[in-house]
Amino acid sequence: MTTVLAIGNKAYSSWSLRPWLFMKVNGIAFEEVRIPLYLESSKARIFEHSPAGKVPALTVDDIRVWDSLAILETLADLHPRLACWPRDRRARAWARSISAEMHSGFRELRTALPFNCRRRITLELPSDTLNAEIDRVRSIWRDCRKSHRGAGPFLFGEFTIADAMYAPVVSRFETYGVTVAATEREYMDAILALPAMRQWVAEANVEPEVIAHFERGA
Ligand SMILES: N[C@@H](CCC(=O)N[C@@H](CS)C(=O)NCC(=O)O)C(=O)O
């Protein structure tokens, strides 16, 4: 099986982190093609992997899939033995709902807190909309952890696609110093302590590219 995952800069590409982290945590072997974004040559290189012209994109033999959530769903299809989604049907519906909610919403969070896992900055005067989105993420984490506390440190106990979907937000909360309560902090620490997450950040730290948009103040 030939598996190739095309990703953007590790420093900046939150969407790329989702499938990359999921595959690493689950020991799914793949060839990584890192395409630094927003350079003269970037778009043409991305189109070699994705008709949408965006990363991440996954190719497994003759299967081509793009968009992070579609990639994660395809990995669940290809690896039915892995706990890609929670095994319990009710928890699975819940995990799918919060994953889709993250995928299609939280616009203000994305705009006001651009992903940049290399930085440390203090969030000042967040707007009401941003505060509401932060509160929603925190309550998702709290509710999931409350129900699955005995089963492991992640949202549904074991690491699932839902955690891959929320890992970039964990990074944002960490880098922008968002204030969280103890349960939420525990969850963030579990994600940040994953060897794969540490590897992503370590590799981001040595990337030479700097993109001004992602470096601006919050
Ligand atoms: N909804 C898509 C979003 C993908 C996306 O916006 N990727 C950005 C990088 S984080 C990108 O490829 N930007 C480069 C470009 O638009 O040229 C997903 O989940 O994969």
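The model is predicted, so local features need pLDDT of at least 70, side-chain atom pairs count only at pLDDT 80 or more, and totals for chains, interfaces and linings use all residues. Residues are numbered from 1 along each chain as its sequence is written, and side-chain values use heavy atoms, with hydrogens and water left out.

**Stop 1: the largest pocket**

Select W15, L37, Y38, K54 and V55. Of the 26 lining residues, these lie nearest the centre of the largest pocket. A pocket is an open set of points on a 1 Å grid over the protein atoms alone, with protein on both sides within 12 Å along at least five of seven lines; lining residues have an atom within 4 Å of a point. The space here is about 580 Å³. Volume means the space filled by probe spheres set on the points, which are joined across faces, edges and corners.

Now colour α1 (14–25), α2 (42–47) and α10 (212–215). Each gives at least two residues to this lining. The largest share, three residues, is from α2. Helices are DSSP runs (H or I, at least four residues), numbered from the N terminus.

Where does the largest pocket lie? It lies between domain 1 (3–82) and domain 2 (89–200), because both give residues to its lining. The domain bounds come from an automatic or database domain assignment.

**Stop 2: the second largest pocket**

Select C117, R120, S171, E174, T175, L192, A193, M197, R198 and V201, which line the second largest pocket. Two or more residues of that lining come from each of α7 (161–175) and α9 (195–205). The volume is about 160 Å³.

**Stop 3: the cavity**

A cavity is a set of grid points where a 1.4 Å probe fits but cannot get out. There is one of 30 Å³ or more. Select S14, W15, R18, M102, R110, M165, P168, V169 and R172 to see the lining of the largest cavity. Its volume is about 40 Å³. α7 gives the largest share of the lining, four residues. Domain 1 (3–82) and domain 2 (89–200) both contribute, so this cavity lies between them.

**Stop 4: the rings**

Seven aromatic pairs are present. Select F154 and F159: their pair is edge-to-face, 5.4 Å centre to centre, with 85° between the planes. Rings of Phe, Tyr and Trp (its six-membered ring) pair if their centres lie within 6.5 Å; planes under 30 degrees apart are stacked, over 60 edge-to-face, the rest tilted.
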